Amino acid sequence: MKLIISASNALAKWMGLELVRIPSPDGKQVGVQPLVSDEMTLAWQCHVMRLHSRAKKGVVIAVEAQSRYTVLMPFNAPPTVEAFENELRRCWGNAFLHFSLESGAIAEEAIPEIIRRFSTLPVEYQWYRNTDLSVNGHVSDAEQWVKQTRDEFGIDHLSENDAMGLEMHINHIPKRMKVNRQRSAPFFSITRLVDDGLFRFAKGMSRFTHPDTPKGDFPSPYRGKMSKSSTSSAAKDNVVHLSDYKKRRGGER
């Protein structure tokens, strides 16, 4: 699987990265190419928010292209590329596992196998300096939420718990996106995140299926088949973490 990280200029500068642009087939829209997630690819638009240009601390905002799911990752200093990739993958996995359990999409006994599949999936990371303007609208929305939270609580940096709570709030808000220049109907990022994960990691174990797929298999959300998943609000302290579950199960992968 390919995991595309489309970094804003601010993120590339903060991390000290020299990144290439996404190739443009017609030579147009260089640096603002649209991102596409599909059955073999997951694309994230990533940006960093800092108090000022010399600040080492930063909150990375990552928004996935298809689901518009928003991840908030506070760092006390610019991470290495490997640390960034690991943290993004950890946050994505935690969210998928939590909401899949909370919605009833998977049974608890399926967790060890899903964790194993998620952890051992070969991933090819591809970094670019690029800003998908459509996805970036959701990045900007999240940036305003971070700013309001800092102002309201008089803090200059989000803790991990602050980020987790705000991330939960943002992702429970209905989203819209442009499809062929038309605004889509409202949708929920969490539902799309779960759909994608069930398709990728829960083959044979999904409780949400489709008449055209074998029992336990979730259909590809990239072939126009609608989701049957349903998620509801969850308290921050009820979040299930991959790492916590591994500890409870003796490090099972």
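**Close-up 1. Helix 4 in the lining of the largest pocket.** In this predicted model, helix 4 supplies the largest share of the lining of the largest pocket, namely 3 residues. Helix 4 covers residues 133-153, and strand 6 (178-179) joins it as an element that gives two or more residues to this lining.

**Close-up 2. The middle of the largest pocket.** Here we look at the space itself, about 430 Å³ of it. A total of 17 residues line the pocket, and those closest to its centre are Pro-34, Leu-35, Asp-132, Ser-134 and Lys-178. What kinds of residues make up the lining? Sorted by class, you get 9 nonpolar, 5 polar and 3 charged.

**Close-up 3. Helix 2 meets helix 3.** Now for a pair of helices: helix 2 runs over residues 81-103 and helix 3 over residues 111-120. Their axes come within 12 Å and cross at roughly 155 degrees. Angles over 145 degrees count as roughly antiparallel, so that is how helix 2 and helix 3 lie to each other. As for handedness, their crossing is right-handed.

**Close-up 4. Side by side: the residues where helix 2 and helix 3 touch.** On the helix 2 side, the contact is made by Arg-89, Trp-92, Gly-93, Phe-96, Leu-97 and Leu-101. Helix 3 answers with Ile-111, Ile-114, Ile-115, Phe-118 and Ser-119. Split by class, this contact has 8 nonpolar residues, along with 2 polar and 1 charged.

Definitions and conventions: Residues numbered from 1 in each chain as written. Predicted model: local features only at pLDDT ≥ 70, side-chain atom pairs only at ≥ 80, totals over all residues. Heavy atoms only, no water. Axes fitted to C-alpha atoms, helices over the stretch in contact; angles between N-to-C directions. Helix = DSSP H or I, 4+ residues; strand = E, 2+ residues; numbered from the N terminus. Parallel < 35°, antiparallel > 145°, perpendicular 65-115°, else oblique. Left-handed = near helix turned anticlockwise from the far one by under 90°. Contact = heavy atoms within 4.5 Å. Nonpolar A, V, L, I, M, F, W, Y, C, P; charged D, E, K, R; others polar. 1 Å grid on protein atoms, 1.4 Å probe; cavity = no way out; pocket = protein on both sides within 12 Å on 5 of 7 lines; lining within 4 Å. Points joined across faces, edges and corners; volume = space filled by probe spheres on them.
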